[in-house]
Amino acid sequence: MNTKLNDTKLSPHFKLREFLLPDKYPQNIPTMQDVVNLTYGCLSLLEPARLIVGPIIINSGFRNEDVNHKVGGVKNSQHLLGQAADIRPKDPAQFPLLVDFFRTWEYTDQLLTASTWLHISWNPFSPPRHYVRISYYT
């Protein structure tokens, strides 16, 4: 993937590279709409959360169909659309605060938690579902 595209800033604290894992999955190339969706997620959810908990690490973001299949993602995953990220706070002690933030945040479409990371999704095109499942991944 083009280095310049990898360095594209989606918001003040997040770059496209963080959502693509280009070193591991060089074929994981988003469309322009996927990038717009990721930008929406950064501005509407991740930047506000960062103000509360500090730096956030992206474990997984956009996935094309091949990458989604390789990692065991569901067929209708919002990762396929650039509308989801699996994240964790840089400071593990902030994890409960991050969960509490997204649990009540108006733009949260879906929140599924594990013990040290969470899946958060958004949808720029429809009202958020506010679907929350704590300890979903065990």
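Colleague: Of the contacts in the chain with a separation of 6 or more, what percentage is accounted for by residues 24 or more positions apart?

Modeller: Please note that the model is a predicted one. A contact here means heavy atoms within 4.5 Å. Among contacts with a separation of 6 or more, the share from residues 24 or more positions apart is 57%.

Colleague: In what order do the elements of the chain run from the N terminus on?

Modeller: The chain contains five helices and seven strands. Read from the N terminus on, these elements follow the order α-β-β-α-α-β-α-β-α-β-β-β.

Colleague: Which radius of gyration does the chain have, and why does it agree with a compact globule?

Modeller: The C-alpha trace spans about 35 × 30 × 30 Å along its principal axes. For 138 residues, a compact globule would have a radius of gyration near 14 Å. The chain agrees with this, because its own value is 14 Å.

Colleague: Is Ser-11 buried or exposed?

Modeller: Ser-11 lies in strand β1, which covers residues 9-11. A residue is buried if its relative accessible area is under 20%. Ser-11 has 6% relative accessibility and therefore counts as buried.

Colleague: Which residues does Ser-11 touch, not counting those up to four places away in sequence?

Modeller: Ser-11 belongs to strand β1. With residues up to four places away in sequence left out, the residues that Ser-11 touches are Cys-42, Leu-43 and Glu-47.

Conventions
Residues numbered from 1 in each chain as written. Predicted model: local features only at pLDDT ≥ 70, side-chain atom pairs only at ≥ 80, totals over all residues. Heavy atoms only, no water. Helix = DSSP H or I, 4+ residues; strand = E, 2+ residues; numbered from the N terminus. Rg over C-alpha atoms; globule rule 2.2 N^0.38 Å. Buried < 20%, exposed > 50% of the residue type's maximum accessible area, 1.4 Å probe, protein only.
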